[in-house]
Amino acid sequence: MDVESTVAMLGAAGFGLAFGSFLNVCILRLPHERSLLKPPSSCPSCGHVIGWRDNVPVLSWLLLRGRCRWCQAAISAQYPLIEALVAVLWVAAALYYGLTLQALTAALFATILLGIAVTDARHYIIPDEFTFGGLAIGLLLSLRGGVPGFVDALLGAAVGFGLLYAVAIVGKWLFKEEAMGGGDIKMMAMVGAFVGWKGVLLTIFLGALLGTVVFVPLTLKKKRLVPFGVFLAVGAAVTFLAQDAILSWYQRFLSIG
Ligand SMILES: [Zn+2]
């Protein structure tokens, strides 16, 4: 790798670490409707404010051996793991798409999907900041010639929202209980802005398929809520990466059959 691309990859890793660090704050605070800006991060055990040198992504956690500097309480490994994972996603996007708007789109989309998957799995909550914030980012990027064009992004958002809204209403009428959370509906509007209307259909199909294969065996043993957003997030990531390949395979499949 030449110097220029090495610097570019280091830059992508740096942005990824910073966004990963911010995502940790989002994951920690948004489900409890706490502000992202204040107060500054503090140790949940002793309340000591965490200084900048103990707040460096991944590195601080390693240097402190996963313990608070002041009270020695354990700090969850989730923090450095999320930071490292987001950095890997950003570098992967830069490697795959080059230093393009598409790489930025992919990296931001992956970061938002990861945030949704974690909050939905842990709290059964998909914060509006991820869905409405992501919707705005997706539409903005599509204006600048992102992955789907602006019209397709707008259509995707409308189809994603409308389709899951319809599923929610029919589900409620059929089962007399909440079948689809409001967070899932808003999430699919966001996803549509990134993958267009065909991508929305593929995402819902993949999400439902995954949810059925993975979750039905689990729910048979123990009745619990389905964090459907997790499966939609995986479906959306696969769709973003492989939408064209999957749809053309499907068309060939149909023309043979
Ligand atoms: Zn402490």
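Helices H3 and H4 cross in a right-handed way. Keep in mind that this is a predicted model. The axes of H3 (residues 78–97) and H4 (residues 101–123) come within 8 Å, crossing at roughly 150°. Since angles over 145 degrees count as roughly antiparallel, H3 is roughly antiparallel to H4.

Who makes the contact? On the H3 side, the residues include Leu-85, Leu-89 and Trp-90, and on the H4 side they include Leu-104, Leu-108 and Arg-122. Sorted by class, this contact of H3 with H4 has 16 nonpolar, three polar and one charged residues.

Now follow H4 to its other partner here, helix H5 (residues 128–143): the axes of H4 and H5 come within 11 Å and cross at roughly 170°. H4 and H5 are therefore roughly antiparallel to each other too. By class, the contact of H4 with H5 has eight nonpolar, four polar and no charged residues.

| Pair | Axes come within | Crossing angle |
|---|---|---|
| H3 and H4 | 8 Å | roughly 150° |
| H4 and H5 | 11 Å | roughly 170° |

Next, the metal. Which residues coordinate the zinc ion? They are Cys-43, Cys-46, Cys-68 and Cys-71, each through its SG atom, at 2.3 Å. Along the sequence, these donor residues follow the spacing C-x2-C-x21-C-x2-C. The angles among the four donor atoms are 106 to 113°, and the zinc site is tetrahedral.

Conventions. Residues are numbered from 1 along each chain as its sequence is written. This is a predicted model: local features need pLDDT of at least 70, side-chain atom pairs count only at pLDDT 80 or more; totals for chains, interfaces and linings use all residues. Side-chain values use heavy atoms; hydrogens and water are left out. Axes are lines fitted to C-alpha atoms, for helices over the stretch in contact, and angles run from 0 to 180 degrees between N-to-C directions. Helices (H or I, at least four residues) and strands (E, at least two) are DSSP runs, numbered from the N terminus. Angles under 35 degrees count as roughly parallel, over 145 as roughly antiparallel, 65 to 115 as roughly perpendicular and the rest as oblique. A crossing is left-handed if the near helix is turned anticlockwise from the far one by less than a right angle, and right-handed if clockwise. Contact means heavy atoms within 4.5 Å. Ala, Val, Leu, Ile, Met, Phe, Trp, Tyr, Cys and Pro count as nonpolar, Asp, Glu, Lys and Arg as charged, and the others, Gly among them, as polar. Donors are N, O and S atoms within 2.8 Å of the metal (3.2 Å for Na, K and Ca); water is not among the atoms, so sites may look incomplete. Four donors count as tetrahedral if all angles lie between 85 and 135 degrees; four count as square planar and six as octahedral if opposite donors are over 155 degrees apart and all others between 65 and 115; anything else is irregular.
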